[in-house]
Amino acid sequence: MADGGIGAPNKRREDIRFLTGKGNYTDDMNKRGQAYVAFARSQVAHGTLKGVDTSAAQEMPGVVRVFTGADFAEVGGIPCGWQITDKHGEVMQEPAHPVLAQGKVRHVGDAFAAVVAETAEQARDAAEAIEADIDELPAVVDMKAALADGAPKVHDDLTSNLCYDWGFVEENKGAVEEAFKNAAHVTTLDLVNNRLVANPMEPRVAIGDYDSSSGDSTLFTTSQNPHVIRLLMGAFVLGIPEHKLRVVAPDVGGGFGSKIFHYAEEAFCTFAAKAIDRPVKWTSSRSEAFITDAHGRDHVTTIQLALDKDNNFTALRTDTHANMGAYLSTFAPSVPTWLHGTLMAGNYKTPLIYVNVKAVFTNTVPVDAYRGAGRPEATYQLERVISKAALELGVDPIALRRQNFITEFPYATPVAVEYDTGDYVATMDKLEEIADLAGFEKRAAASKAKGKLRGLGVNCYIEACGIAPSNLVGQLGARAGLYESATVRVNATGGLVVMTGSHSHGQGHETAFPQVIAEMIGIDPSMVEIVHGDTANTPMGMGTYGSRSLAVGGSAMFKATEKIIAKAKKIAAHLMEAAEGDVELANGEFSVAGTDKSVAWGDVTLAAYVPHNYPLEDIEPGLEETAFYDPANFTYPSGAYACEVEVDPDTGKVTIEAFAAADDFGNIVNPMIVDGQVHGGIGQGIGQALLEGAVYDEDGQLLNGSFMDYAMPRADDLPFYTVDHSCQTPCTHNPLGVKGCGEAGAIGSPPAVVNAVVDALRRGGSDITHIDMPLTPSRVWAAMQK
Amino acid sequence: MAQVKMTVNGKAVSAPAEGRMLLSTYLREALGMTGTHVGCDTGQCGVCAVHVDGKLVKSCNMFAAEAEGAEVTTVEGMANEDGSLGAIQQAFQDHHGLQCGFCTPGMVMAASALLKVNSKPTEAEVRAHLSGNLCRCTGYHNIVKAIMAASGQDVAVAAE
Ligand code: FES
Ligand code: FES
């Protein structure tokens, strides 16, 4: 390992600015002459928008201009980035999504007008004075009701509220049914994957800026993928070519998926800045975030597992209703399909699988990817049904899993993906050790002596990360490529700058990415600087989500650095008058094998820019290379998780007593950052399992739209976690052998918590087999009374 | 608009503030001190936490005018004289107590308020004290660890 290179727990350099208040988040920026936006939003979930009276607002102090849907009649709507083809070969129903509502409002929070004013307060005051003439219509909230005959339609021009009815793998359907007929045992489980609000601590912000002298537009925005926003907004909404549009996502305060998507407010601010020829800023309040940021999860599922007489899994069948909300958010259609159905094999060699998903429009906020996106939903149902099967069969849930583990790789699942590597036995062994499962009964007895019910939940997970081979996702309906890019610029005196298409909003790229280059060249990581987040100075890249930054973005950087090293070796060979093939690079020095000739990294880089003694006839001066890396496959991190809970039998309150995670992320670049990613994911997963859940009433009002009533996990809801990633089966198809670690915690932890609570209640004498998340005291207490 | 005066991080400041201007807005917009963040509109998240006359306060829960004449400390005032990280800040970096950094100013201010009155808090005391500060990134593990480390306690045992 180079000093501070791959594998070193380097402290994060970005921390210095965050710890001293010098971060540069979008809301920290103000532009000269800036005006402020406030949106007028629908208070009803569904209604005909007959008119918008802006006359009072126009007259209010400080108001610059009021916009309504009519102002956007000539521009495109917010596009959807993924088209699903249903089980009949038909493409999904895709409704229009105007920047400001036209004709109808479709969820509480749907904006129908916006005020631009001199101050934020004046904009808010005037937005309140806008009168919308809305004829309220009955709302559809429940997905099954939305599909019933005669249900009110969210979009009048669509045939129904069904976006698509997806079957996967459709050709396997008959064989799956046959296997169920022949099964020795079938376990059936109905469950809900609760609707979540991502709630990164930084609310969304957008600043549009227009330079009338050049005709250039700039959008500063809280985004995980500025290039994607530039392409979507420029090409599909506002008709601005990329060279006249710059998108900047500076320091971003968390995303978890919710800042992937292109939102109407971004298009609005960019459009309005040009219209009034002034910078225009919008800062979301948290209340606004709850009703405008895309939500996550919200699946209602029936899953069935078939087993033979020896408890081998023979088939799996699932039937899911997935909520799309009122409009299709950027990647919404892909989440319950390709990011969910393809993971249904999990860690097990189930030979036959059929997944049906009905995606449904409702009068609620759009639903899209949230940390894990589809994979937590797959893992939750699979791992819960296996635990239920173990209960029904009276077998040990860990033994049942071990018996069905995939043990040979590569492994082609019946759901279209091929796992390259993994070792599920090793991660389970590791889990048993770090969670001290052998000592559980003793701890359970101690809890019992205190009057508490202790339970143990164990499960596995697999995920597909490093999205994705572009040709494959193209066949699956993606309207984008999913490669990543990097430009590596070596300066004359030897320092490097990496301009990456990946984006960091907490992942620590500025620290971890340099470790890779430091390792490759044998220099100190402090010689490498990372630039990201600005379309003006980074190559076209797809951004950060799906645990892809290191696996895809890091691989692009690796490839660009390889090109740099190859060229530098040519220069070094010239300087040392040696054959290029004999030149070696180690510890920041080029040498010729078997001789004492050497030349330092800095001398070679200087020669590249001061080419006095240089092979100009063979190569150009300078040392700068770009690479685009398109992955050959997904990566497949996996692991085993254990949760121990105590349940208070008098109140139903659950406390997490211990949580252990044994993950296989392949090679690790910075173990400290990896630990942190797992901690954060587990925190969110426990939040989903115990506390969180967006609740709509039947009129489509979000009942818990603030931190007063949406229960975010707090420090005293969570324990210290025991995490281990010493089981490492390197990815076989990317040059770093890395798999990705950003979502694992959120994917693997909810079933562990629910398994543990069910176990605790059963140890207390209940015969309960399932409780839906979140496992609030009232739900647990009620379950105990049955 | 009335002029509101106070001392921020030891410096006398004065800026015009509408009656309804929150202290958080005053710091961020009137003074341009953007280290203090805003994460909610109901006083629940704590990313805006500062000290007012030595007490931990959510700056979004107080009008600027209410802090007239007060001594305010923000995250910008937590480094050492020479600009190096203060002990709590250093512990956060050493123990990876931050990811996106958005909750961090509030966490640092909350930690410092705790350690002033309780120099060796237990894990449970740290967690209870942070009940007014949300972090969505870290699962709190490394924040709790950092605060305990800043108090000179061996966290290796507690947190591994
Ligand atoms: S911004 Fe002050 S508590 Fe959330
Ligand atoms: S570090 Fe991102 S919210 Fe705490």
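User: In this predicted model, is B:Phe102 buried or exposed?
Analyst: B:Phe102 sits in the loop between helix H2 (87-94) and helix H3 (104-117) of chain B. Its relative accessibility is 5%, and the cut-off for a buried residue is under 20%. B:Phe102 therefore counts as buried.

User: Which residues of chain A are in contact with B:Phe102, neighbours within four places in sequence being left aside?
Analyst: The contacts of B:Phe102 include B:His37, B:Val38, B:Gly39 and B:Val47 from chain B. From chain A, the residues in contact with B:Phe102 are A:Tyr25, A:Met201, A:Glu202, A:Pro203 and A:Gly253.

User: What area do chain A and chain B bury between them?
Analyst: The contact draws 55 residues from chain A and 52 residues from chain B. Of the area buried, 57% is on carbon and sulfur atoms. In chain A, the residues that lose the most area to chain B are A:Leu19, A:Met201 and A:Phe720, together 20% of what that side buries. The area that the two chains bury between them is about 4,400 Å².

User: Which element gives the largest share of the side of chain A that touches chain B?
Analyst: Between the two chains there are 30 residue pairs in polar contact. The elements of chain A that give two or more residues to this side are helix H1 (15-19), helix H3 (120-128), helix H8 (286-292), helix H17 (671-691) and strand E30 (721-724). The largest share, eight residues, comes from H17(A).

User: How many salt bridges does the rule find across the interface of chain A and chain B?
Analyst: Side chains of opposite charge can pair when their charged atoms come close. B:Arg20 forms a salt bridge with A:Asp125, with the closest N and O atoms 3.1 Å apart. Over all chains the count comes to 44 salt bridges. Across the interface of chain A and chain B, the number found is five.

User: Why does the pair of A:Asp28 and B:Arg28 join two chains?
Analyst: The side chains of A:Asp28 and B:Arg28 meet in a salt bridge of 2.8 Å, N to O. A:Asp28 lies in the loop between H1 and strand E1 (35-41) of chain A, and B:Arg28 lies in helix H1 (residues 23-30) of chain B, so the pair joins two chains. A:Asp28 counts as buried at 13% relative accessibility. B:Arg28 is likewise buried, and its relative accessible area is 5%.

User: How many residues apart in sequence are the parts that A:Glu265 and A:Arg204 tie together?
Analyst: A:Glu265 forms a salt bridge with A:Arg204, the closest N and O atoms being 3.2 Å apart. A:Glu265 belongs to helix H7 (residues 264-276) of chain A, and A:Arg204 to the loop between strand E9 (196-197) and strand E10 (205-211) of chain A. Both A:Glu265 and A:Arg204 are buried. The parts tied together are 61 residues apart in sequence.

User: What is the relative accessible area of A:Glu624?
Analyst: A:Glu624, in strand E27 (residues 624-629) of chain A, pairs with A:Arg489, in strand E21 (residues 484-490) of chain A. The closest N and O atoms of this salt bridge are 2.7 Å apart. A:Arg489 is partly exposed at 33%. A:Glu624 is also partly exposed, with a relative accessible area of 38%.

Technical notes. Residues are numbered from 1 along each chain as its sequence is written. Chains are lettered from A and ligands numbered from 1 in the order in which they are written. This is a predicted model: local features need pLDDT of at least 70, side-chain atom pairs count only at pLDDT 80 or more; totals for chains, interfaces and linings use all residues. Side-chain values use heavy atoms; hydrogens and water are left out. Contact means heavy atoms within 4.5 Å. Buried area is the accessible area (1.4 Å probe) that two parts lose on being put together, summed over both. A salt bridge is a side-chain nitrogen of Lys or Arg within 4 Å of a carboxyl oxygen of Asp or Glu. A polar contact is a pair of N or O atoms within 3.5 Å; within protein, one must be able to donate a hydrogen and the other to accept it, and residues adjacent in sequence count only if both atoms are side-chain atoms. Helices (H or I, at least four residues) and strands (E, at least two) are DSSP runs, numbered from the N terminus. Buried means under 20% relative accessible area, exposed over 50%, partly exposed in between (1.4 Å probe, protein chains only).
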